[in-house]
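Hi everyone, thanks for making time. Today I'd like to talk about charged side chains and how they pair up. Let me put the structure on the screen.

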Amino acid sequence: MQKDFLWGGASAANQIEGGYLAGGKGLTSVDLIPHGEYRREILAGLRHYEDVPEGQFYPSHEAIDFYTHYKEDIALFAEMGFKAYRFSMAWSRVFPTGLEEEPNEEGLQFYENVIDELLKYNIEPIVTINHFDVPKTLIDNYGSWKSREMIALFEKYATVLFKRFKGKVKYWISVNEINMLFHLPFMGAGIYLEEGENREQVLYKAAHHELVASARATKALREIDPDAQMGCMIAAGDYYPYSANPKDIRAAQLANQENFFFIDVQSRGKYPNWTKHKFAEEGIEIGMTEEDEKVLAENTVDYISLSYYSTRTSKAELEPGEATTGNAFVGAVNPYLEKSEWGWAIDPLGMRTTLNTLWERYQKPLFIVENGLGAYDKPEEDGSVHDDYRIDYLKQHIEAFKAAVEIDGIPLLGYTTWGCIDLVSASTGEM
């Protein structure tokens, strides 16, 4: 591996910070998602966040209180030998409602303190601009990314960050796991699907707004801090066909096509042909303008970042009981792979396969910004946890991407594990 390889860990503001109303911060989408029986329906955009009984527990409100303890936590990262730390900024900590003309100085100062603390230990900050975080006011007023108004508001937010942290942040990521919009719309993008709405119409139009906003942010970054780089991010993991049945192979091809849709636009600068046919056949109107086409074409990303937890398996005709939903992606159970205690397939070789797929498709540097194992850890009497299973998981995945770099010749910027410290699970709300 190259000497400047960025080893480290990753987290998200809404999963570690707490202080959900501290320092002038406004409410954000994740602050509205409770732990418990209503969580999944809200994440999926099928239940409105207000449609729950009183007395729910909202884990993001406190999380691990990184907001107060960031200095101690960053000292721990340094002790672990981190060269990089990937984290996100909460939009509503910088613009509490998203509508303000001027940013919240207290929120900006908090993030500047975090960045300065990282730099003190020679830890490279990798900053995600939007990680499952939409200000509540923008959800209530505009329906979140359903509205084109979001593009300018996101550009304003991103521009403030670029000006404030110019020279301090070299690596930016516009939107975390942007493809999660198609799987858990409220978690991914603050979108609630009203009764009678056409799901495909809503989600593809919202996707278009996010893609244009990302491109406009990329343009702004190049104008403000040309030495910095902008990356996109995908929840990655190739879809395998369940069998040699041509229907399974075609099902996997279609699933991969949809999963790569966002990165096709962010990396290649234009919509793939299949989407144009789909939109025409199904009457989907995304509101594409000539200016949109221009900004997408001229502002592609510098690198592609990814989360990798598992591959997925496609079967054309799923029988009852055959489906699995590891990391929100529905597919068939792969009989050749072990599963985590949450049912996620464990496939280290699949990481190498996925990296090769992304490199062959886009020819841009890659960055693994999430990879890790959820498990029921049992503390010993002295408080220690003997998690040999996690060490083995990480070892196998590190060996896989090392082979991708050293044997397959893939340019890989770094690897940051998820999660490097206790945090609230986005999907289940567990710690």
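Before I count anything, here is the term I'm using: a salt bridge is a side-chain nitrogen of Lys or Arg within 4 Å of a carboxyl oxygen of Asp or Glu. Please keep in mind that this is a predicted model. By that definition, the structure holds 28 salt bridges.

Let's start with lysine 168 and aspartate 116, whose side chains meet at 2.8 Å, N to O. This pair links distant parts of the chain, 52 residues apart. Lysine 168 sits in the loop between α7 (149–164) and β4 (171–175), while aspartate 116 belongs to helix α5, residues 105–120. Both partners are partly exposed: lysine 168 has a relative accessibility of 23%, and aspartate 116 has 33%.

Now for two pairs within helices. In helix α11 (residues 273–282), lysine 278 and glutamate 282 are 4 residues apart, so about one helical turn separates them. Their closest N and O atoms are 3.2 Å apart. Is lysine 278 buried or exposed? Lysine 278 is buried, because its relative accessible area is 17% and the cut-off for buried is under 20%.

Glutamate 298 is partly exposed at 49%, and lysine 294 is partly exposed at 45%.

Conventions. Residues are numbered from 1 along each chain as its sequence is written. This is a predicted model: local features need pLDDT of at least 70, side-chain atom pairs count only at pLDDT 80 or more; totals for chains, interfaces and linings use all residues. Side-chain values use heavy atoms; hydrogens and water are left out. Buried means under 20% relative accessible area, exposed over 50%, partly exposed in between (1.4 Å probe, protein chains only).
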